[in-house]
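This report describes aromatic pairing and helix packing in one structure.

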Amino acid sequence: LNTNRLLDLTYELLDFRKIESDMIRLDLQLNEMNGWLLNFITPYKVAAEERGIHFLYIPPAMPFEAAIDESALSKMVNNLLDNALKYAESVVMVGLYTNVDQTHFSIQIDNDGHLVPEELHEKIFDPFFRWNKKRQIKGSGIGLFVANSLAGLHGGTLGFKITEQRYNTFLLTLPLARWQEETNQLNNSIQ
């Protein structure tokens, strides 16, 4: 267990260093997002249920594809789900949505843990920041920084808010796979 934690920390520090050195390059591939996310969250759902945490997945209204770097998106979603499970009292919700104009998609992750004070909503994305209220929970304090940086590399954003229902909510928003549609339109206009 300590060996795995040390390996995780080493990988986080390497990612941190690559981001700080501008050495990360994305390899965007087209993926059907509902299937990808459903497959990715399955082990987290099992872990949540073992801890007595209700885990709810809200799929998109319609299937859609997006150009993503699977490794980068895995790191982002892994960090957000890891945190949600660490801090949740009894509920974790994951939702997958497209925006109205179909240019971006969002993965929303909610948990019902202790609410992050408003003055810390931006600070939680700083490298090595740890919120004192939950200091006893293991972590390096760089996961959200890495996730936020990777979201930016994708041309997206990672935000945090408290919902009206009193959940801690992370919203990861990334561009959809518009390049394929534009290529198809260009090919059609040439013919």
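A search of the whole structure, which is a predicted model, finds 5 aromatic pairs. Rings of Phe, Tyr and Trp (its six-membered ring) pair if their centres lie within 6.5 Å; planes under 30 degrees apart count as stacked, over 60 as edge-to-face and the rest as tilted. Two of the pairs are set out below.

| Pair | Centre distance | Plane angle | Class |
|---|---|---|---|
| Phe-64 and Phe-105 | 5.6 Å | 45° | tilted |
| Phe-160 and Phe-170 | 4.9 Å | 55° | tilted |

Phe-64 lies in the loop between strand S2 (54-58) and strand S3 (65-68), and Phe-105 in strand S5 (residues 104-111), 41 residues apart. Strands (E, at least two residues) and helices (H or I, at least four) are DSSP runs, numbered from the N terminus. Both Phe-64 and Phe-105 are buried, that is, under 20% relative accessible area with a 1.4 Å probe, protein chains only.

Because Phe-160 belongs to strand S6 (residues 157-162) and Phe-170 to strand S7 (residues 168-175), their pair ties together parts 10 residues apart in sequence. Phe-160 and Phe-170 are likewise buried.

Trp-36, Phe-40 and Tyr-44 form one aromatic cluster. H2 (residues 33-50) and H3 (residues 70-87) pack at about 35°, with axes 11 Å apart; axes are lines fitted to C-alpha atoms over the stretch in contact, and angles run from 0 to 180 degrees between N-to-C directions.

Residues are numbered from 1 along each chain as its sequence is written. Local features need pLDDT of at least 70, side-chain atom pairs count only at pLDDT 80 or more, totals for chains, interfaces and linings use all residues, and side-chain values use heavy atoms, without hydrogens and water.

Conventions
Buried means under 20% relative accessible area, exposed over 50%, partly exposed in between (1.4 Å probe, protein chains only).
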